Every structure is written in C-alpha cells, then in structure tokens.
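Student: Could you go through this model with me, starting with the strands and then moving on to the helices and the charged pairs?

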Amino acid sequence: MTHVVNISALRQHQLVILRRLRGGPLTEFELIKEVAGHSGFTQDQAAELIADWLAELRDAGLVWAGVLMNAAGQQIMAAALTHQGRELVGGG
C-alpha cells in the first residue's frame, strides 16, 4: 500500500538510496556502496540491511525493487524510482 511520504521524514540511508536512483536503476551492490559512502553505515551493515530498506521504500511507493535471476540461478536485487519517488526527490 502506498502513502504520502514527506522527505523530512526519511532517514539518511533512505535519502541516499532515493537520490542515487535519480540517475536510473541501480543494483544492490551499487546502492550498498553509495549508502556506505554517504551515511554512518559500513558496507557490511548496508549489505545486510539493503533488502529490508528497499522493501520499505517499495512499500511506501517510492521505488520499484525486485530480484533479477540469470539462467544459472544467480540473483541480484535492483531498484528504480517510481513516479512518486521521482516527484519526491526531483528525478527526471
């Protein structure tokens, strides 16, 4: 279920994720690096929490997030801004 989100209510790691997605979809690895570089989280902490963070932002209607899988069964998460997310953080 989506609901209206005020940018001032977002936590630092959420803002980092949303702002980095303004340039287009990113993988979990790219987002982990960005969060670790621009918040108080280490890369290990961000790696452990990224799926939950993306789920929260998805549930708020701000990102599309899902798992991509190749033919060998390898998985990677990816995310992109929704229309609501772009409006919130000024994405194109």
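Student: How do strand 1 and strand 3 pair, and over how many bridges?
Tutor: In this predicted model, strand 1 and strand 3, the latter spanning residues 75-81, pair in the antiparallel sense over two bridges.

Student: And which residue is the bridge partner of Leu26 in strand 3?
Tutor: That is Ala79.

Student: In what order do the strands sit in the sheet?
Tutor: The sheet is open and is formed by three strands in the order 1-3-2, with antiparallel pairing. Strand 1 (26-27) and strand 2 (63-69) stand at the edges and have a single partner strand each, so one side of each is left without a neighbour in the sheet.

Student: Which helix lies across strand 2 and strand 3?
Tutor: Helix 3 does, and it runs at about 135° to strand 2.

Student: Switching to helix packing, at what angle do helix 1 and helix 3 pack?
Tutor: Helix 1 (residues 12-20) and helix 3 (residues 43-59) pack at about 75°, their axes being 11 Å apart. The two helices are therefore roughly perpendicular to each other.

Student: Which residues meet there?
Tutor: From helix 1 there are His13, Gln14, Ile17 and Leu18, and these meet Ile50, Trp53, Leu54, Glu56 and Leu57 of helix 3. The residues of this contact divide into six nonpolar, two polar and one charged.

Student: What does Glu56 form with Arg11?
Tutor: Glu56 and Arg11 form a salt bridge, in which the closest N and O atoms are 3.0 Å apart. Because Glu56 lies in helix 3 and Arg11 in the segment before helix 1, the pair ties together parts that are 45 residues apart in sequence.

Student: Are those two buried or partly exposed?
Tutor: Glu56 is partly exposed, with a relative accessible area of 36%, and Arg11 also counts as partly exposed, at 43% relative accessibility.

Student: How many salt bridges does the count come to?
Tutor: The count comes to three. Another of them joins the side chains of Arg20 and Glu34, at 2.7 Å from N to O; since Arg20 lies in helix 1 and Glu34 in helix 2 (residues 28-38), this pair ties together parts that are 14 residues apart in sequence. Arg20 counts as partly exposed at 28% relative accessibility, as does Glu34 at 24%.

Student: And what about Arg58, which residue is its salt-bridge partner?
Tutor: Arg58 forms a salt bridge with Asp59, where the closest N and O atoms are 3.8 Å apart. Arg58 counts as partly exposed at 38% relative accessibility, and Asp59 counts as partly exposed at 43%.

Methods. Residues are numbered from 1 along each chain as its sequence is written. This is a predicted model: local features need pLDDT of at least 70, side-chain atom pairs count only at pLDDT 80 or more; totals for chains, interfaces and linings use all residues. Side-chain values use heavy atoms; hydrogens and water are left out. Axes are lines fitted to C-alpha atoms, for helices over the stretch in contact, and angles run from 0 to 180 degrees between N-to-C directions. Helices (H or I, at least four residues) and strands (E, at least two) are DSSP runs, numbered from the N terminus. Angles under 35 degrees count as roughly parallel, over 145 as roughly antiparallel, 65 to 115 as roughly perpendicular and the rest as oblique. Contact means heavy atoms within 4.5 Å. Ala, Val, Leu, Ile, Met, Phe, Trp, Tyr, Cys and Pro count as nonpolar, Asp, Glu, Lys and Arg as charged, and the others, Gly among them, as polar. Two strands pair if DSSP finds at least two bridges between them. A salt bridge is a side-chain nitrogen of Lys or Arg within 4 Å of a carboxyl oxygen of Asp or Glu. Buried means under 20% relative accessible area, exposed over 50%, partly exposed in between (1.4 Å probe, protein chains only).
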